[in-house]
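Please read the points below against the coordinates.

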Amino acid sequence: MTRIKELVKEQAEKHGRERTSLMPILQAVVRSEHYLSEEAMIAIAEELDLSTADVFGTASFYTFLDTVPRGKYIVRVCKTITCHMKGKDEIIRTISDILKIKLGETTTDGRFSLLQANCLGWCHKGPVMLINDEVYPEITPEKTSEIINEYLKKK
Amino acid sequence: MEKKIKKVDLIFGKVDHLDILKNAFQRTRDEIILDVIDSGLRGRGGAGFPTGLKWKFAKNEEADQKYVICNADEGEPGTFKDREILTQVPEKVLAGMALCGYCIGASEGYIYLRAEYNFLLPSLYKAIDEFHEHLKALKFDFTIRICSGSGAYVCGEETALMESMEGKRGEPRNKPPFPTSEGYLGKPTSVNNVETLVFALMIGQEGPTKFKEMGTFDSRGSKVFSVSGDTPTPGIYELELGMTLEQFVEEFGDGDTKAVQVGGASGFCVARKDFKSTLIGFEGIPTGGSMMLFNSSRSMYNILNDYLEFMEEESCGQCSPCRVGCQQLLKGIEAVKKGIKSPSYLEDLQKLSDTMRIASKCGLGQSVPNPFNSIINNFREEIIY
């Protein structure tokens, strides 16, 4: 049994094999693998006795359930109105310069992806970004480069 | 309209939430529901359905299982109050859910939390564990679980939210049947916004009178506002309903406010000339709390463009008026701006947006005309030139 299949089985045992378990399982696989590979989605379909199309159809609906490979750290910069007004473009430029990737890309070592997100719910403290589940409100280009450099030091 | 803006502290003030529940459990379900109806409390997520009636409908259904869902999929641009409520007073939200469970006869509750707020999970789980222990002591059988979203604005629509909880694409259902008769897993379900549940709890404590005395005939009580944009004091404020936009801007504006977007990307843009005559509330312009201020340095074209981009990305794609409509509106204003289309093309686009209001399946597509028409009507020249 491959590692992915084992992971899926383990999650199915934890959450159950009902249709209502699909979202928690998809989310768990994304947390561990940073995206849903074809192999993972087929394994989930088999475990839950669903069609693979159904699993892909569900996964592809949700922005945070990526179906293309993403980095270990997914950086999402809020792009909606207030954050736009407060300078999210500069934040993106800063991150782009440090990581040498454009929006939507992943670093070659597979550690960072840079994305934009719709309203993250911090409009009074914009601009804001998420790195995985961690929030960074009220960032400036300087603060942003400090934060990203901290992540670069991590394993 | 001499009333000054009045700050209120019902939501964030600390209370003995268990004591409120203990007293409530001594009363009949009908008594409490009548109090909530009498208070005039309407849903605080934006749609504004009378909360007491929703509970009554759910209570009147016969079923072996019913559910309480706390809608914490706060995705409307410019809204961030539910995050703050869940951070500061989670126990009041949980107690509000238990109160709803008692009234409608449900033993299970769910919090549908948007993925963007996943960082709240550890503290919420802790609060839920503690709360379960207290409920045991009160001998009330009610279990709360959390369902996480995965980044879809449309899941804030209650039927899409339940589809998502059931492990499906978050596509809104046809209504009727309404969730109070056929909701989560086909069972009667009361879906309430985070803030609504806390207000219901406070009405349980204080009775309906105090709440009813605040606000106006159609918009009773107070409301938590999320204030952002060009303001020296962005943040979260609980204010008595019934103020005009002029009063609001006097309090929060930077002296150069040219427009306020009331109700987020699905709300209305009000220009300076109309501040005085616009009431914030169900008689005027309702809001789920989002108040975005823009000063004269802002291009209303960019703002409309951002709203449309947002809606175009978040449209679930299920019905064509919304899917195609959002794309065409976005393309359309760009074409007018670039001079590819003549200014009169805006009238065609406004007709299209009217069609979206009539023909779209859910609130998302139906409300795209709100920002679109209000911005075009107020700031037509900024869209063209």
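1. A crossing is called left-handed if the near helix is turned anticlockwise from the far one by less than a right angle, and right-handed if clockwise. Helices (H or I, at least four residues) and strands (E, at least two) are DSSP runs, numbered from the N terminus. By that rule H1(A) passes H2(A) in a right-handed crossing.

2. This is a predicted model: local features need pLDDT of at least 70, side-chain atom pairs count only at pLDDT 80 or more, and totals for chains, interfaces and linings use all residues. Residues are numbered from 1 along each chain as its sequence is written, and chains are lettered from A and ligands numbered from 1 in the order in which they are written.

3. H1 (residues 3–15) and H2 (residues 22–33) of chain A pack at about 140°, axes 10 Å apart (axes are lines fitted to C-alpha atoms, for helices over the stretch in contact; angles run from 0 to 180 degrees between N-to-C directions). The two helices H1(A) and H2(A) are therefore oblique (under 35 degrees is roughly parallel, over 145 roughly antiparallel, 65 to 115 roughly perpendicular, the rest oblique).

4. Chain A has an open, mixed sheet of four strands in the order S2-S1-S3-S4 (strands pair if DSSP finds at least two bridges between them). S2 (112–117) and S4 (134–136) of chain A are at the edges with a single partner strand each, so one side of each lacks a neighbour in the sheet. S1 (residues 73–78) and S3 (residues 129–131) of chain A pair antiparallel over three bridges; A:Val75 is bridged to A:Ile131 in S3(A).

5. In chain B, domain 1 covers 17–213 and domain 2 covers 300–380 (bounds come from an automatic or database domain assignment). The C-alpha centres of these domains of chain B lie 33 Å apart.
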